Amino acid sequence: MVEPAHPSRLLLLDGHSLAYRAFFALPVENFSTTTGQTTNAVYGFTSMLINVLRDEEPTHVAVAFDVSRATFRSEKFPDYKANRTSSPDEFKGQVGLIKDVLEALHIPVFEKDGYEADDVIATLAEQAQAEGLDVLICTGDRDAFQLVNDQVTVLYPKRGVSDLTRMTPEAVYERYGLSPEQYPDYAALRGDPSDNLPNIAGVGEKTAAKWVVQFGTLDDLVARVDEVKGKAGDALRAHLGQVLTNRQLTELVRDIPLDTRVDDLARQSWDREQVHQVFDALQFRVLRDRLYQTLESAEPEADEGFEIDPVRLDAGEVAGWLAEHAAAGHRVGVSIRGSWSRGTGEVTEVAVASDDGEGGWFEPASLTPDDDAAVAAWLADAERPKVFHDAKGQLHALLARGWTVRGVAADTALVAFLALPGQRSYDLADLVLRFLGRELRAQAADAAVQLSLDGGDEEQLGRDETIRARAVLDLAHSLDGELANKGGRRLFDEVELPLVGVLASMEQIGIAVDTDHLRSLESSFADAVAQAADDAYDAIGRRDVNLGSPKQLQTVLFDELAMPKTKRIKTGYTTDAESLADLYAKTQHPFLEALLRHRDVSKLRVTVEGLLNSVADDGRIHTTFGQTVAATGRLSSTDPNLQNIPIRTDEGRRIREAFVVGDGYESLLTADYSQIEMRIMAHLSEDEALIDAFASGMDFHAVTASRVFGVGADEVTPAMRAKIKAMNYGLAYGLSSYGLSRQLGIEVAEAQKLMDEYFETFGGVRDYLSAVVERARMEGWTETIMGRRRYLPDLTSDNRQRREMAERMALNAPIQGSAADIIKVAMLGVDRALREERRASRLLLQVHDELVLEVAPGERDDLEALVRREMGAAYPLRVPLDVSAGIGRTWQDAAH
DNA sequence: AGTGTGACGTA
DNA sequence: CGTACGTCACACTT
């Protein structure tokens, strides 16, 4: 690190004033977390902080906050700031969050009883000047202008949060025609409505400034007050006492006793872990990136680098390298450069880093046959451990090159997911930064500088990739301990890691589609969309409305047609299907009917178009499963999402007809768990009545209804069953009586009564649900049957909305997550059994509680038995795991 | 061009 | 004012 050429610089920020500015500059509705916490002031403040740190590169930093309204000023002058209505609750809650941010950044915070932030700033500024530092003061309070001199500059927000004016002595003179020393005299004369300092009627900025310029100082003005002519002069004389009080209040105190030395304000390295936590909680993604970009370069300890000297492995050298450094005893980090998606890929470069410290890279395109064979043998050898970061895509690329991989000993993205579920991303660079305290990117940049002399892009990319491989190896080591602490070892070794291969295979195989059928659906849905649009336009007598625009619909419905208002949302009133149906019931307006139809068929058309665009050359659709996405442990499916193919309506189900058995296979088989979540609830709660209900093997909702209502099984009416069904489904989500009443269209009191009756029958369920939340509050996390944790810090939040949200998550996570554990085990069981029994049938899809398989000729009955057996035996619950299965030519035909 | 929002599909 | 996701179009910001 080169010593900065400029002198030391202290940056002082007025926390309250800047946060308050930000609060009013940034629209509240645009800045809130998904849990409802408003963050506009935190965002604005942090954004300003980052910008100033970046632009000014201060060597010392501190932030001052006001403590309370009571200061020496309010004692002297009870009206001081008395006009201020108490700041909005939405603001108050954010001050603590700002302090959290500052704590994570290791920036000292000052609060002094009886004084304002400005006084603390004046005092620190005075001390710093005495020690020869330059001072920058960032505040929205103009009183600070009195501190400006050649050494002290005030950065004053002009408007918003991104535009700061530099107030130097020259700038103060330009703006007010006064010197900084004269500013408080001027301010006292002018008064300040925001501080409730009274002004003099008829004396505004112009007159106040004129007087100060004319008389030099307020003291001189007072001494010669009789010389002031005119009405303004009379007014001044009448209010002289007031002006003098103002002057006392405006003067900043520069000598508060503070037991701090300027040295204590020197910038420190920041707490990466805590920054992550705080920014995660605030859901500041872009800001965090900006922060890293800004601060990383200034971080002296950030970049220790990796102990590796990457070497290019030329043709003929690879086999030897692998024999020496990737033998059975060696763990090797692997990082592939290339591309992959939709179940296939391409390798352009392979980087390897052995645990003996050696590492290098090679290009598969330029291998000798011997090298190629050695690579293939190494990758395929289960006894030679390899470590990847997010292996699945790289496995696709390697497989496409003809290399099968066995012996994946760890996947750092997966380990990180188990240790820290609920993160947005498990980017390698972020994890390396967080767990190893090293900077992957800076390292790469350094390498680039060195190598621009002798290398070239090729060389640089190879070195970068090798460093990644080394980082993966180190990270795996570091995360091992993390995982052990959190009890996720078995879940990782026995479920998540082996599942990678199964998912890779499912993605690679894909599912066959009937594109003709899809095209025919597309055209019929398109016709239906056009028809619905015509009907809608006829109903309102104009066509210049975009039916897909909620904003334009709001105008039509609520302004032009003056329909009753629906539920309020951020942007006005909702136009969601439920509300539109509601409006239709009230108004019978034909536009609504057509609009709802338009929504339905548009959605279907778009779904079909998406699917058509995803069909690969082999006539199949290859989705990508996400294994580190859902915090509960479920898989996700993208590009395209095959876990949300319509099923509820007849028209929607026609799309399922397009998923068909592929050439060379006999049919599709679907198998799903019945009521797996309620079964897990029965297991976890150990509620005898619920366990009995499942043991009876009868219609679950009917049985529970008969128990709740105390009638015989044959006396359960459809209405009773429907109510209890809604209750059964809602339980695992933390359903409230309000929610239940809305869903069933009944009064809240009636819904509450229903819940009470339910819990009277199934008391164990109620006890379990309260216990699970209570335990999570104590421990900080929930746990599934296989020990998958979910951390829920918001359970102890003071914010009711956040806390209750976290409580519902705590109810749901063990149930949804245990179901996810179980079906993952089932998938592994099915996969293993298929291989052991040498079946040609294969797994294609997983849809949370359902598996879809392609049945090889002649395997139909055996396969069904195999799948039922493996799914049913995946995990021994206190109730049976009931599996229902169906077989057919299409996904729809295989429904059961 | 990138981001946020509303709406809606699934379990 | 039930959970977990992904995708799309629109509207807005940069």
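Predicted model: local features only at pLDDT ≥ 70, side-chain atom pairs only at ≥ 80, totals over all residues.
**View 1. Strand 23 and the direction of its side chains.** Strand 23, which spans residues 850-855, is mostly covered, and six of its six residues are buried. The side chains of E850, V852 and E854 point one way from strand 23, whereas L851, L853 and V855 point the other way, and all of these residues are buried.

**View 2. The strands that pair with strand 23.** Strand 19, made of residues 667-673, runs antiparallel to strand 23 and is joined to it by six bridges. Within this pairing, the residue that stands opposite V855 of strand 23 is S667. Strand 22, made of residues 842-846, also pairs with strand 23 in the antiparallel sense, here over four bridges, and L843 has L853 of strand 23 as its bridge partner. Strands 22 and 23 form a hairpin with three residues between them, and in the turn H848 has a positive phi of about 70 degrees.

**View 3. The protein surface around DNA strand C.** Of the atoms of DNA strand C that come within 4 Å of the protein, 75% belong to sugar and phosphate. Sorted by class, the surface near DNA strand C has nine nonpolar, 16 polar and six charged residues.

**View 4. Side chains at the phosphates of DNA strand C, and the elements around them.** An N or O atom in the side chain of N546 is 2.9 Å from a phosphate oxygen of DNA strand C, and for S636 the corresponding separation between a side-chain N or O atom and a phosphate oxygen is 3.1 Å. R790 likewise has a polar side-chain atom that lies 2.9 Å from a phosphate oxygen of DNA strand C. The elements that give two or more residues to the surface near DNA strand C are helix 23 (550-560), helix 25 (590-614), strand 18 (636-638), helix 31 (737-744) and helix 34 (800-836). Helix 34 provides the largest share of this surface, with five residues.

**View 5. M805 in helix 34.** M805 lies in helix 34 and has a relative accessible area of 26%. Because buried residues are those under 20% and exposed ones those over 50%, M805 with its 26% is classed as partly exposed. The C-alpha atom of M805 is separated by 9.8 Å from that of L792, a residue 13 residues apart from M805 along the chain.

View 6. The structure holds 17 aromatic pairs. One of them is formed by Y758 and F762, whose rings are tilted, with 4.9 Å from centre to centre and 50 degrees between the planes. Y758 is buried, with a relative accessible area of 0%, and F762 is also buried, its relative accessible area being 0%. Elsewhere in the chain, F145, Y156, Y176, Y183 and Y186 form one aromatic cluster.

**View 7. Charged side chains over aromatic rings.** K565 places its charged end over the ring of Y573, at 5.6 Å from the centre of that ring.

Methods
Residues numbered from 1 in each chain as written. Chains lettered and ligands numbered in written order. Heavy atoms only, no water. Buried < 20%, exposed > 50% of the residue type's maximum accessible area, 1.4 Å probe, protein only. Pairing = 2+ DSSP bridges. Near = heavy atom within 4 Å. Polar contact = N/O pair within 3.5 Å; in protein donor to acceptor, adjacent residues only side chain to side chain. Nonpolar A, V, L, I, M, F, W, Y, C, P; charged D, E, K, R; others polar. Phe/Tyr/Trp six-rings, centres within 6.5 Å; stacked < 30°, edge-to-face > 60°. Lys NZ or Arg CZ within 6 Å of the ring centre and 35° of its normal.
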